[in-house]
Amino acid sequence: AFSSRFIRVEAEALGSGSATGIGASMIAEDPPRHRRLRGVASRAFTPKAVAALRPRIAAIAADLLAPLRTRGRMDLVADFAHPLPTVV
């Protein structure tokens, strides 16, 4: 079974502590705290709210892909897949 205890132990072993990185994320929380945090976050991501973000996300994606036209190639992960969710 998943437990945030394992993530915290890993973070401490790597010297990052539990207050940074994934240790500070809702993903790393156990029930019932995870359930409460997910409930709060889900209110911001209704289908209507996500649909409203679509034009902005498409514009960001187009901006990230624009250099591909001049360079003719790209590192899909480094140039697109990693920055897209970060910017969004």
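Does E29 count as buried or exposed, and at what relative accessibility? E29 counts as buried, because its relative accessibility is 14% and the cut-off for burial is under 20%. The model described here is predicted. Its chain has 88 residues, of which 15% count as buried, and its secondary structure comprises five helices and zero strands.

**Overall architecture**
- Along the sequence, the elements follow the order α-α-α-α-α.

**Salt bridges**
- The whole structure contains two salt bridges.
- One of them links the side chains of E29 and R33, with an N to O distance of 3.4 Å.
- In this pair, E29 is buried at 14% relative accessibility, whereas R33 is partly exposed, with a relative accessible area of 41%.
- R71 and D79 also form a salt bridge, in which the closest N and O atoms are 3.6 Å apart.
- R71 is partly exposed, at 48% relative accessible area, and D79 is likewise partly exposed, at 25%.

**Nonpolar surface patch**
- F45, V50 and L53 make up a nonpolar patch on the surface, and together they present about 280 Å² of accessible area.
- F45 is located in the loop that runs between α2 (33-42) and α3 (47-71).
- F45 counts as exposed because its relative accessibility is 57%, and the threshold for exposure is over 50%.

Key
Residues are numbered from 1 along each chain as its sequence is written. This is a predicted model: local features need pLDDT of at least 70, side-chain atom pairs count only at pLDDT 80 or more; totals for chains, interfaces and linings use all residues. Side-chain values use heavy atoms; hydrogens and water are left out. Helices (H or I, at least four residues) and strands (E, at least two) are DSSP runs, numbered from the N terminus. Buried means under 20% relative accessible area, exposed over 50%, partly exposed in between (1.4 Å probe, protein chains only). Patches are made of residues with over 30% relative accessible area and no salt bridge: like charges are joined within 9 Å, nonpolar side chains (Val, Leu, Ile, Met, Phe, Trp, Tyr) within 5 Å. Accessible areas come from the Shrake-Rupley method with a 1.4 Å probe; for residues, only the protein chains shown count as cover. A salt bridge is a side-chain nitrogen of Lys or Arg within 4 Å of a carboxyl oxygen of Asp or Glu.
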